[in-house]
Amino acid sequence: MTPPFAVIAVLTIAAAVAAMTLRNLVHSALAIAVAFIGLAATYLQLNAQFVGLTQILVYVGAVAILIVFAILLTRGGEAPEKSVFSLSWIWGVLVTLAVFATLVWAIKHSFVVERETSVTAPEANVQQIGQALMTRFVLPLEVIGLLLTAALVGAVIIAMKEESVKAKIEDGRSKMDEPANPSSILHPPSSRGGQR
Amino acid sequence: MDQIFVALKHWLLGQLATILPAWLLPVVSALMSIAAIIGVFATLFAIMTILERKGLGRIQNRYGPNRVGPFGFLQPAADGIKAIIKEDVVPRAADKVVHFLAPVVLVIPALLVYSVLPIGRNMVAIDLDAGLLFFFAVGAASELAVFMAGWSSRNKYALLGAMRAVAQMVSYEIPLILSTISVVMITGTLSPVKIVEAQSTHAGLLPDWFVFTPWGFAGFILFMISANAEANRSPFDLPEGESELVAGYFTEYSGFKFALFFLAEYLGLFAVSGLGITLFLGGWNSPFAALDFVPSWAWFFAKLLGLIVLFIWTRGTLPRLRVDQLMNFAWKFMIPMVLINLVAAAAWHYVGGGFARWFVSGAIVLGSYLLLGRGLFHGKGITKRTYRYAE
Amino acid sequence: MNLSLMSLEISVVALGLVVLLADLWLPAERRRALGYVAAAALGLLLLQNLSGCCSCCVAGGDGTAFGGMFVQDGLSVFFKRFFLLAGALVLVLAVEFSDRIATGVSEYYSLIIFALAGMLFAASANDFAMLFVSIELITITFYILTSFTRGKVAALEAGVKYLILGALSSAFMVYGIALVWGTTGKFNFNELAQVAGNFTDNKVFLFGVVFILAGLGFKIAAFPFQMWTPDVYQGAPTPTTAFLAVGSKAAGFVLLLRFLFTAIPSVTAHWDKLLIIISGITILYGNLCAIPQRNLKRLLGYSSIAHAGYLLLGVAAMTSAGQSAVLYYLSGYLFTTLAAFTVIALVMRHLDSEDIAGLAGLNQRSPLLAATLTLAMVSLAGIPPLAGFFGKFLLLKAVIEQGAVNHGYYCLAFTALVGVVISLYYYFGVIRAIYWSKDAASREPILISTPMRVAIVGCIAGIFWLGVAPGAVLRLAESAVNALHCPGLALN
């Protein structure tokens, strides 16, 4: 374990822990952005330039922004009054620890077999990645294109305003509010300045 | 003359090598590059502010700053001193930590992107294989900083400005990146240095800059429009429209932090202009072989100044867009146009030499421009503007 | 590179895009009929595939494309026909349902077609990249299809539950793929099969396999990953539920079969106990939980879990007889389930919930629908001479044949029989509601459009045909399964 790796690892894990434990959702979102950057740094350290930079571009530039937007447009980003933890978090921690321990055990015990088959770290530059994507993996790439088209259509459909009369509410629990309208940048539910 | 700064750095490093331990040398070398970048571009920032204020003044039929120093050219210094000694006011309701971090997070990526820009021959801080990707990846981080600034201020205007800014930056990032892809397709590399090298030859009278091809010309225009929107400058300055949002996402900042926002904005503008020069305007290459004796970095900065003047001119002459117009323009014109531009670039590559590729590539770009432009204005009923005065 | 192998997928994707674009130029009142056009187009593709393959079997139309990533063999052809048929029937059902969709009817059709394309790719996937990408295409499309009637709270809830659990299972699967790839360095199933034997002791590799199985288990709603099923089945629009029950499950099974028996046969051979236990628990869980259900779609959700368990019997048997039984059972399940959901969509049209009590008086309102639902329930329960019976018979036969190897198989067969007996109770509860309940809410006859009638009669014919004359489909299934066991054939 080299010193830079140690620094990056500690930073990443700390950010991830912060993302879980912070009360304010926006703080959590920012913390997870830091964790993403830490992961990108790990990739860069492993000489995977393309993956590392793409990680930043996609996760910090798009995913984190998306999370933040989702938080602001749905619940105002105000910190909850009481703790977000319920009692069941202990079980979560236990399960996590169990999975982690098993994985560590598995990795420890498979080391010898892995050695025999491990190949030298491939020197993958951007050009090779591009060529692989456009030749060998072109079919999955195209299918992903189809997937994104479907997702885009779906996002538009689900966000679109209902044209007809409101559909009947099935379980009669409560009258649903109008579906959240993501285009209402002009009416953010937050920004209650000075109310704290 | 061309290599004077490179030689200077090597000489300095050679001198230091005698004093310092070997493992420190790369660090010192990096620090020297960083210092040079910060120094040069911060100076450029000062020059631009005064240029902009005087230029806008002239466009708006007034003088602009003319009190401090000769012709008001020391105004930036006065402004800088003012920003530093002003009281730093943080709103009581603000989220203190995020409020403090936002300007820092904004300035760091704005400076980082310079590390891959080739400012002159052999003058690039890091010659990354995926430099272009680095530029955009790091640049993307600034969106988060803008959001942090707007959200942490707990101010309606700031939040509105931040939301507008982020929405705008996300939308215009797509045409910005896609318009550079055509260059990547033709050169087959993501390294800015290699892209500049690909434009270093001369064909006849014109240099082989990509802006002198149909796809490159369209790409350059699209790139500059997107860059303008990314930098939140007029006519895309909705996030900080004074008449609507006071100052947008940095309404609640004062003193030095406010100056940092300004600095980051202009640094971002220089960086993206520098990228435009690198990709389309031949980078540090001289336009004519006869002018090769002028140092390469001088060409880069000459081009940069030219683009800056262009930006000031645009800002002074165009009115601000509405939000819906902004988004319509991005999704219905810019993005289809950059996608078609990729086809035009592919046609350029595959049609072969001579007049044919000019014709095919040009026809694709021009035809789609006419069609999309007509679609954009369809049903808008735009006629000759008439003015009504108060009676 | 053999692009002609993919002509079917390409035409289906093109059809989806055409439907999506046609919306732009069609007047609003004509959009509904677009579903019929799309269904007819899928039917044509199916016919062409059926007629085309007879020649292709002779001419050697099998093969691989994209470096063995995409494989066209008996198994994929069988499943592609299966998916095309299911897609066409679901589209007809969707037209019937379309008056309950507020906006985006043609988007609903085109998303169904995109999901169908994903299933077609899944049928041919012979590589982890294709496996993951096709599964994601199916799943993400289904997230949207599930919450399409977003005015309903139940639909939104179903969509969110499916999204969260689906994302979790995808994460497991990707992690598993990463581990498998990290240890073996192979992406292609055939290449992996050659080296998998060396890794049977490698814990990391086995973890990867388990994680991939977890992801696939989510798709087929097998035991530890079944919790999404009832809620999603209940909340989703009925055509979506039907497609989820038939298409998505079958896609999960084809990938499971290929993964277990083409990619890692040497590992699978040791895992009979795991498969037996999962299969047994799934059967019992599905059947026991179905008993108290009053909502018909929820009941079918639990029954679908139980059927996943029955289908796993054939996988657990690990013989070609078992695998062909899985294929056969799925074909029967296709007709039966689609028939049941069609009736639900028609009968429950004007009711707020799909409560079983809403079936009261169905016999008077529409004898055809009453008969269809009865047949479907009887077939699901597995009573001769319908499709369900013969399928269960084949599955149990395959399991009992293996009993000599491992006595666990006898226990499994016994569990399955217990499950069948339990299921009789709730399936007959539905039939009782149709014929013997007095307090019918409405007496007006139910109108059935002609395409719908054709679809229903087709389903009934299918149920009977598979039950009475199983020979043809069984032969197809057997030849399809052959492809699993001699992948060398697919490679040349």
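Reader: What should I keep in mind about the numbering and the model?
Author: Residues are numbered from 1 along each chain as its sequence is written, and chains are lettered from A, with ligands numbered from 1, in the order in which they are written. The model is predicted, and local features need pLDDT of at least 70, side-chain atom pairs count only at pLDDT 80 or more, while totals for chains, interfaces and linings use all residues.

Reader: How do you know how many helices and strands chain A has?
Author: Helices are DSSP runs of H or I with at least four residues, strands are E runs of at least two, and both are numbered from the N terminus. Chain A comes to seven helices and zero strands.

Reader: What makes helix 4 of chain C mostly covered?
Author: A residue is buried if 20 or more other C-beta atoms, placed from the backbone, lie within 10 Å of its own; 12 or fewer is exposed, and in between is partly exposed. In helix 4 of chain C, 20 of its 20 residues are buried. For chain A, 22% of the 196 residues count as buried.

Reader: Why is helix 5 of chain C called roughly antiparallel to helix 6 of chain C?
Author: Axes are lines fitted to C-alpha atoms, for helices over the stretch in contact, with angles from 0 to 180 degrees between N-to-C directions. Here the axes come within 9 Å and cross at roughly 170°. Angles over 145 degrees count as roughly antiparallel, under 35 as roughly parallel, 65 to 115 as roughly perpendicular and the rest as oblique. Therefore helix 5 of chain C is roughly antiparallel to helix 6 of chain C.

Reader: Which residues make that contact, and of what class?
Author: Contact needs C-beta atoms, placed from the backbone, within 7 Å. Among the residues making it are F132(C) of helix 5 and L163(C) of helix 6. By class, the contact has twelve nonpolar, five polar and one charged residues. Nonpolar covers Ala, Val, Leu, Ile, Met, Phe, Trp, Tyr, Cys and Pro, charged covers Asp, Glu, Lys and Arg, and the others, Gly among them, are polar.

Reader: What does L91(C) touch?
Author: Not counting residues up to four places away in sequence, L91(C) touches G35(C), A38(C), A39(C), L42(C), Y109(C) and I112(C).

Technical notes. Contact = placed C-beta atoms within 7 Å.
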